[in-house]
Amino acid sequence: AQTSLKDMNWDQSQWQPLINDRSFLPWLVKIPTEQEQLRVRQITAAQINKLEEMWKEDPGKTVEDLDKPGIDEDPQAVMLRYEDAYQYQNVFAPLVKMEADYDRKLKESQSQDNIVIRWDRGLNKRWIAYFSLPKQDGE
């Protein structure tokens, strides 16, 4: 790592830590005022995870949206025996819908835009398709 920094002509003496005394430096993150600290609310790791899941669908969601009804409802537990077909359907219908929604979102996230296809005939008289995909950010 040292040789690569020297190759880039970076001066290590110019580098400074971002954290001092277990807090970010003030030029990086503004220190909240007393009034802002009074408005602070405690949030659990589960709430953070739920909020991040909600951001995947709508980036405008806030912590207040966690308190809205219907956000954190879990489906009914599956039982070994059911009294009748209606009870069975009331338990499994939401589960099937959740799985279908998940599969739909997964398929939509795997879609690819701006693909160019060129068709050509090979020497064996069969059709050959050439796909040109745009480069991804990580490539």
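Asparagine 114 counts as exposed in this predicted model, at 67% relative accessibility; exposed means over 50% relative accessible area, buried under 20%, and partly exposed in between, with a 1.4 Å probe and protein chains only. The residue sits in the loop between α4 (85-109) and β3 (116-121).

With a relative accessible area of 70%, aspartate 21 is exposed.

Helices (H or I, at least four residues) and strands (E, at least two) are DSSP runs, numbered from the N terminus. In sequence order the pattern reads α-β-β-α-α-α-β-β. The radius of gyration is 27 Å, well over the 14 Å that the globule rule gives for 139 residues, so the protein is more spread out than a compact globule. That radius is taken over C-alpha atoms, and the rule is 2.2 Å times the number of residues to the power 0.38. Along its principal axes, the C-alpha trace spans about 70 × 65 × 30 Å.

Burial and contacts can be considered next. Buried residues account for 6% of the 139 residues. Of the contacts (heavy atoms within 4.5 Å) between residues at least 6 apart in sequence, 4% join residues at least 24 apart.

The surface and the charges follow. The protein exposes about 13,600 Å², of which carbon and sulfur atoms supply 53%; accessible areas come from the Shrake-Rupley method with a 1.4 Å probe, and for residues only the protein chains shown count as cover. There are 19 positive and 25 negative side chains, and the centres of the two sets lie 8 Å apart. Lys and Arg count as positive and Asp and Glu as negative, while His and the chain ends are not counted. Each charge is placed at NZ of Lys, CZ of Arg, CG of Asp or CD of Glu.

Confidence is expressed as pLDDT, the predictor's confidence in each residue, from 0 to 100. The protein averages a pLDDT of 85, and 91% of the residues score at least 70. Among the elements, helix α1 (residues 2-7) has the lowest mean pLDDT (62), whereas β3 has the highest (95).

Because the model is predicted, local features need pLDDT of at least 70 and side-chain atom pairs count only at pLDDT 80 or more, while totals for chains, interfaces and linings use all residues. Residues are numbered from 1 along each chain as its sequence is written, and side-chain values use heavy atoms, with hydrogens and water left out.
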